[in-house]
Amino acid sequence: MTQGFDGLVPGRRPEGRTLITASWVVGHKDGGHRLLKKGEVVFENGEVLFVGHGFPGEVDRRIDFGNALISPGLIDLDALSDLDTTILGIDNHPGWAKGRVWPRSYVEAGPYEMYTQAELAFQKRFAFGQLLLNGITTAAPIASLFYREWGETVAEFDAAAEAAGDLGLRVYLSPAYRSGGMVLEEPGRMVPVFDEERGFQGLKNAIAYIERQNGRHGDLVRGMLAPDRVETSTLALLQRTDAAARDLGCKFRLHMAQGAMEVDTVRALHGSTAPVWLAKHGLLSDRLIAPHATNATDEDLGLYAENGVSIVHCPLVSGRGGSILRSFSTCRARGINIAMGTDTTPPDMLMNLLTGLITGRVADAAPDGLRCADLFDAATVGGAKALGRADLGHLSPGARADIAVFSLDDTAMAPSIDPITTIVTGGSGKITRAVFVDGRLSMFDRKLAGFDMDEARRQAQAQYDGLVAKYPERSFNHPPVAEIFPPSYPVEGGVNG
């Protein structure tokens, strides 16, 4: 038997039976999480065998993480997988003037891929590495289609599956598709433009991808259909998507009830909100995962509850844009399952949980209706329920060994008697010490399997600079970059932009 951290190498599954211990363990009993002081977790061949105290059997390796929290791995169902351009819009408004929607001049010139396939493949690997560094063990990637010729490609998602297998991340994948896009006709006026056959082809490609990739890399890769947005999807495309999800036995994710432009567009097209429109056509079910619900009406939320739709709550991105879910506790009281998403870089789920706690209490105008544990549940068992995975999101015998270890000794952390409150209110992804996915060590002490994140960060910056340089051609009236994205303060010692 070996002791300690000797021989722990990211990318390898420890041989034989491994016992890990720490000052706190999040176990699971009677349908809910339980805190175990100085608890133990034992796993072998990717499966949890024991959670508790005093394991009676033989083990091949013992690892003591000291003053830390051993937690089920976090689940991110809106995980950014490209370079984050939403941050460009934080202080630069209005969005229609900042390249966040195609102007008519760009459409007429012919939209094109703004990244090469090699760059897209790199972005997936870079994003997956960031997820692991933040304690996320299961992810459903999301990317912007503003910078694409139309939809996502099979080639980049083949590369994404390989990246997940190499790095050791559990993923739900297929290329996103759409039957339409928003086009800026004049300042402030955006209209949807449709090409339904293109959407059908995208769905066909996604189905073939799932049939080919589902279960690969030791079942780390599974399929999820991803029509891009409700306002750029036709009814026929969504009907075919729902039927395909049923036939494939997978989920499909559709962004809706998330913004004023979407609400106004869907009402103009269909005479109602998106959830009401989908319900009318029998398209709301537990197959559907729906970020973000910040613009959902009471009627919409009632339909979600009635039909088993899961919400993906992304409080940091929503709050940064001036909107909040109204409210977390209201949705929970209705019986709606709530999962979590990060939807930005860095994918700091712990920061999102704190933001969700704050915005949830603001929405309720009360501090006592929402607890740190409620947000932690959403990031673990809530995500697992949305995916239909009873073997994820918790640590108990028979569950997959997807584990995140969070340090409680970080110098920035305040003392506390409760580890969940500690990591939600004062933690960040930077306190993630180790990550196991299906029993394989995927991250240890900020190191990944065969991937140098420091070098990757420099490569990502170069790609980002190249993308930003293209903004004038895809922005209304083609202003220079310095005018589209002015600095926060005057810049001295160089050329602005």
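Two residues are said here to be in contact when they have heavy atoms within 4.5 Å of each other. Helices (H or I, at least four residues) and strands (E, at least two) are DSSP runs, numbered from the N terminus. The structure is a predicted model, in which local features need pLDDT of at least 70 and side-chain atom pairs count only at pLDDT 80 or more, while totals for chains, interfaces and linings use all residues. Residues are numbered from 1 along each chain as its sequence is written, and side-chain values use heavy atoms, with hydrogens and water left out.

**Overall fold**

The protein contains 16 helices and 23 strands. Its radius of gyration, taken over C-alpha atoms, is 22 Å, close to the 23 Å that the globule rule (2.2 Å times the number of residues to the power 0.38) gives for 497 residues, so the protein is as compact as a globular protein of that length. The C-alpha trace spans about 70 × 60 × 50 Å along its principal axes. Of the 497 residues, 57% count as buried, where buried means under 20% relative accessible area, exposed over 50%, and partly exposed in between (1.4 Å probe, protein chains only). Among contacts between residues at least 6 apart in sequence, 76% join residues at least 24 apart.

**Helix α9 and its surroundings**

Helix α9, residues 298–307, has D300, L301, L303 and Y304 as its buried residues. Seen down the axis of α9, these buried residues fall within an arc of 160°, so they line one face of the helix; the arc is that of the directions from the helix axis to the C-beta atoms. D298, E299 and E306 are exposed on the other side of α9. The packing partners of the buried residues of α9 are α8 (274–280), β17 (288–291), β18 (310–313) and α11 (328–334). After α9 comes G308, which has a positive phi, near 80°.

**Backbone features in loops**

The loop between β17 and α9 holds H292, which is joined to P291 by a cis peptide bond with omega of about 5°. The loop of A257 is between β16 (251–253) and α7 (260–270), whereas D343 lies between β19 (338–340) and α12 (349–364). Both residues count as buried.
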